[in-house]
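Work through the exercises below with the sequence and the structure open. Each task is followed by its solution.

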There are 2 protein chains.
Amino acid sequence: MSIGEVARRTGLSVHALRLYEREGLLAGEVRRDEKGRRLYSEWDVEWLTNCVKFRSSGMPLATISRLAQLVREGTGNEAERLELLRGHQLHIEEQLAKLHACLDLINNKVAAYQRHLAVGASGDPW
Amino acid sequence: MSIGEVARRTGLSVHALRLYEREGLLAGEVRRDEKGRRLYSEWDVEWLTNCVKFRSSGMPLATISRLAQLVREGTGNEAERLELLRGHQLHIEEQLAKLHACLDLINNKVAAYQRHLAVGASGDPW
DNA sequence: CTAGGTGCTAGACCGTGGTCTAGGTCAACG
DNA sequence: CGTTGACCTAGACCACGGTCTAGCACCTAG
């Protein structure tokens, strides 16, 4: 599968795909054809799809790279992979808490402004 | 209240506080004492606390700045404030969805690795 | 008197995560 | 044959959100 195809399927740009490769995010070597063009496997696309999820939940490239490295190294380091994943689990839970806190704030403000606009209330909700 | 005190209370650095002011994030003018030092009100701290929440939920400085501007301009633009807030509401909901998607992935992987480690199963979960 | 702590401004610097460009190779189309 | 389009590398460039420095002023304590 060509880089363009993978870009379409993952939503990443070809630039980003090359960057990710340079940064070592890919578990599994990227093969090349005779002309030096990258060839991706179905499995690479799955992995990259996971990378996209990690990224969109705030995992830094360096961390994904570390995970990829562990996977590349093969069995024997499962404990470390687990630790890394659990670290990110915590991180996500913190983010969820912050998002909920902000959502509460906004919901209140939105409700206040809606009342304000509907009733023509006086006094600035803010 | 001095900038140092506000830094302590909001968790922002004094550098960040000055940056925020330059970027127009503060609704309400920051007064200065005779010697030119910033004086913050209790209300500024509340506002900044909200800014911190907005930031930690991914609202860009530019957007907070816009909101602050609307608030500074006084009543009459409530509809636009509401629109801005609802935009961010949507944004937060998207983030929540992404976080949950990643959390699902991680939970599965964590469970897989725990089984793997406990049972000494063969085959790499990844 | 002096040292330490706090504050000021202006502006340099930084990490992160990309994006874009230059300059080149190749294959297919018309 | 020329052009178009996909790909390659190396490296420049960018936005964002800060952080830090230089150089200065002031106050307080020792």
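Two residues are in contact if their C-beta atoms, placed from the backbone, lie within 7 Å. The model is predicted.

**Exercise 1. Find which residues of α4(A) and α5(A) meet, and sort them by class.**

Step 1. Apply the contact cut-off to the two helices. On the α4(A) side the residues are A:T63, A:R66, A:L67 and A:L70, and on the α5(A) side they are A:E80, A:R81 and A:L84.

Step 2. Sort the residues of this contact. The contact of α4(A) with α5(A) holds 3 nonpolar, 1 polar and 3 charged residues.

**Exercise 2. Describe how α4(A) and α5(A) pack: at what angle, and with what distance between the axes?**

Step 1. Recall which quantities are needed. The angle between the axes and the distance between them describe two packed helices.

Step 2. Read both values. α5(A) covers residues 78-119. The angle between α4(A) and α5(A) is about 160°, and their axes are 10 Å apart.

Step 3. Classify the angle. Angles over 145 degrees count as roughly antiparallel, so α4(A) is roughly antiparallel to α5(A).

Step 4. α4(A) and α5(A) cross in a left-handed sense.

**Exercise 3. Carry out the analysis for α4(B) and α5(B).**

Step 1. Take the geometry. α4(B) and α5(B) pack at about 160°, and 10 Å separates their axes.

Step 2. Classify the pair. α4(B) and α5(B) are therefore roughly antiparallel to each other, and their crossing is left-handed.

Step 3. List the contact. α4(B) contributes B:T63, B:R66, B:L67 and B:L70, while α5(B) contributes B:E80, B:R81 and B:L84.

Step 4. Sort the residues. The contact of α4(B) with α5(B) has 3 nonpolar, 1 polar and 3 charged residues.

**Exercise 4. Are α1(A) and α3(A) parallel or oblique?**

Step 1. Take the angle and the distance. α1(A) and α3(A), the latter spanning residues 42-56, pack at an angle of about 45° with their axes 10 Å apart.

Step 2. Apply the cut-off. Angles under 35 degrees count as roughly parallel. The angle here makes α1(A) oblique to α3(A).

Step 3. The crossing of α1(A) and α3(A) is right-handed.

Step 4. List the contact. A:V6, A:R9 and A:T10 of α1(A) meet A:V45, A:L48, A:T49 and A:V52 of α3(A). By class these are 4 nonpolar, 2 polar and 1 charged residues.

**Exercise 5. What rotation and what shift superpose chain B on chain A?**

Step 1. Chain B is superposed on chain A by a rotation of 180° with 0.0 Å of shift along its axis, at an RMSD of 0.1 Å.

Step 2. Locate the axis in chain B. The C-alpha nearest the axis belongs to B:L96 and is 3.4 Å from it.

**Exercise 6. Which helix of chain B supplies the largest share of the side that touches chain A?**

Step 1. Count the contacting residues. The contact joins 34 residues of chain B to 33 residues of chain A.

Step 2. Assign them to helices. On the chain B side, α3 (42-56) and α5 (78-119) each supply at least two residues. α5(B) gives the largest share, 24 residues.

Step 3. Sort by class. The side of chain B that touches chain A has 18 nonpolar, 9 polar and 7 charged residues.

Step 4. Compare the two sides. The copies meet through the same surface, because 97% of the interface residues of chain B are also interface residues in chain A.

**Exercise 7. Which residues are the closest to DNA strand C, and which to DNA strand D?**

Step 1. Assign helices. α2 (14-22) and α4 (61-73) of chain A, and α1 (3-10) and α2 (14-22) of chain B, each supply at least two residues of this surface. α2(A) gives the most, with 3 residues.

Step 2. DNA strand D is surrounded by 17 residues, and the closest are A:S2, A:G4, A:R38, B:P60 and B:L61. α2(B) gives the most to the surface near DNA strand D, with 3 residues.

Step 3. Sort by class. The surface near DNA strand C has 7 nonpolar, 5 polar and 5 charged residues. The surface near DNA strand D likewise has 7 nonpolar, 5 polar and 5 charged.

Conventions. Residues are numbered from 1 along each chain as its sequence is written. Chains are lettered from A and ligands numbered from 1 in the order in which they are written. This is a predicted model: local features need pLDDT of at least 70, side-chain atom pairs count only at pLDDT 80 or more; totals for chains, interfaces and linings use all residues. Helices (H or I, at least four residues) and strands (E, at least two) are DSSP runs, numbered from the N terminus. Ala, Val, Leu, Ile, Met, Phe, Trp, Tyr, Cys and Pro count as nonpolar, Asp, Glu, Lys and Arg as charged, and the others, Gly among them, as polar. A residue is near a molecule or strand if its C-beta atom, placed from the backbone, lies within 6 Å of it. Axes are lines fitted to C-alpha atoms, for helices over the stretch in contact, and angles run from 0 to 180 degrees between N-to-C directions. Angles under 35 degrees count as roughly parallel, over 145 as roughly antiparallel, 65 to 115 as roughly perpendicular and the rest as oblique. A crossing is left-handed if the near helix is turned anticlockwise from the far one by less than a right angle, and right-handed if clockwise. Copies are superposed by least squares on the C-alpha atoms of residues with pLDDT of at least 70 in both.
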